[in-house]
Amino acid sequence: MRLRGRPPQRDSPLHELWRDPGTFGQLRGKTADQLEGGCHTCPMAATCLAGRTAMAVSSTGLLYDNRHCLRRLETAGVLAALAPD
Ligand code: SF4
């Protein structure tokens with residue numbers, strides 16, 4: 001799922017962003033049931049809730065699937081391939 005509502009504006013007051021159900025409201029109410037992709041099947045899902053949302057949304061636009069998760073990259077062997085012994 002992608003972020004709903006209007007995109008946050010740089011000049012929007014913080015209290016408006018916090019109360020807006022289309023921005024921070026989605027983040028405050030995240031549950032493991034909503035996770036998608038690799039986060040949906042992750043054993044850490046209930047604790048992690050797709051990790052650093054800002055990184056996932058800014059790089060992929062996805063709110064519930066963090067494709068840049070270090071745990072996921074490590075599990076897939078990507079980190080070892082980047083830094084061989
Ligand atoms: S961000 Fe990583 S650790 Fe967190 S739920 Fe997703 S795959 Fe699991």
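Tutor: Start with burial: a residue is buried if 20 or more other C-beta atoms lie within 10 Å of its own, exposed if 12 or fewer, and partly exposed in between, with C-beta atoms placed from the backbone. Ala50 counts as buried because it has 27 C-beta neighbours inside 10 Å.

Student: What kind of model is this, and how are residues numbered?
Tutor: This is a predicted model, where local features need pLDDT of at least 70, side-chain atom pairs count only at pLDDT 80 or more, and totals for chains, interfaces and linings use all residues. Residues are numbered from 1 along each chain as its sequence is written.

Student: What is the mean pLDDT of the protein?
Tutor: The mean is 83, and 89% of the residues reach 70 or more. pLDDT is the predictor's confidence in each residue, from 0 to 100.

Student: Where is confidence lowest, and where is it highest?
Tutor: It is lowest in helix 2 (residues 24-28), with a mean of 78, and highest in helix 4, with 94.

Student: How many helices and strands does the protein have?
Tutor: Seven helices and zero strands. Helices (H or I, at least four residues) and strands (E, at least two) are DSSP runs, numbered from the N terminus.

Student: Back to Ala50. Where does it lie?
Tutor: Ala50 lies in the loop between helix 4 and helix 5. Its phi is near 75°, a positive value in a residue other than glycine.

Student: Why point that out?
Tutor: Because most residues other than glycine have a negative phi. Leu49 also has a positive phi, of about 55°, and is not a glycine. Leu49 lies in the loop between helix 4 and helix 5 (53-60).

Student: Is Leu49 buried or partly exposed?
Tutor: Partly exposed, because Leu49 has 17 C-beta neighbours inside 10 Å.

Student: Which residues make up the largest nonpolar core?
Tutor: Seven residues: Leu35, Cys39, Cys42, Ala50, Ala56, Leu63 and Tyr64. A nonpolar core is a set of buried Ala, Val, Leu, Ile, Met, Phe, Trp, Tyr and Cys residues joined through C-beta atoms within 7 Å. Across the protein, buried residues make up 12% of the 85 residues.

Student: What is Ala56 in contact with, leaving aside neighbours within four places in sequence?
Tutor: Its partners include Ala50, Leu63 and His68. Two residues are in contact if their C-beta atoms, placed from the backbone, lie within 7 Å.

Student: And Met55?
Tutor: Met55 is found in helix 5. With 14 other C-beta atoms within 10 Å, Met55 is partly exposed. Leaving aside neighbours within four places in sequence, Met55 is in contact with Asn66 and His68. Met55 and His68 are 13 residues apart in sequence and 7.8 Å apart in space, C-alpha to C-alpha.

Student: New topic. Which residues are around the ligand?
Tutor: Among them are Cys39, Cys42, Cys48, Ala50, Cys69, Arg71 and Arg72. A residue is near a molecule if its C-beta atom, placed from the backbone, lies within 6 Å of it.

Student: Which helices each supply at least two residues of that shell?
Tutor: Helix 3 (37-40), helix 4 (45-48) and helix 6 (70-75).

Student: How does the shell around the ligand divide by class?
Tutor: Seven residues are nonpolar, three polar and two charged. Ala, Val, Leu, Ile, Met, Phe, Trp, Tyr, Cys and Pro count as nonpolar, Asp, Glu, Lys and Arg as charged, and the others, Gly among them, as polar.
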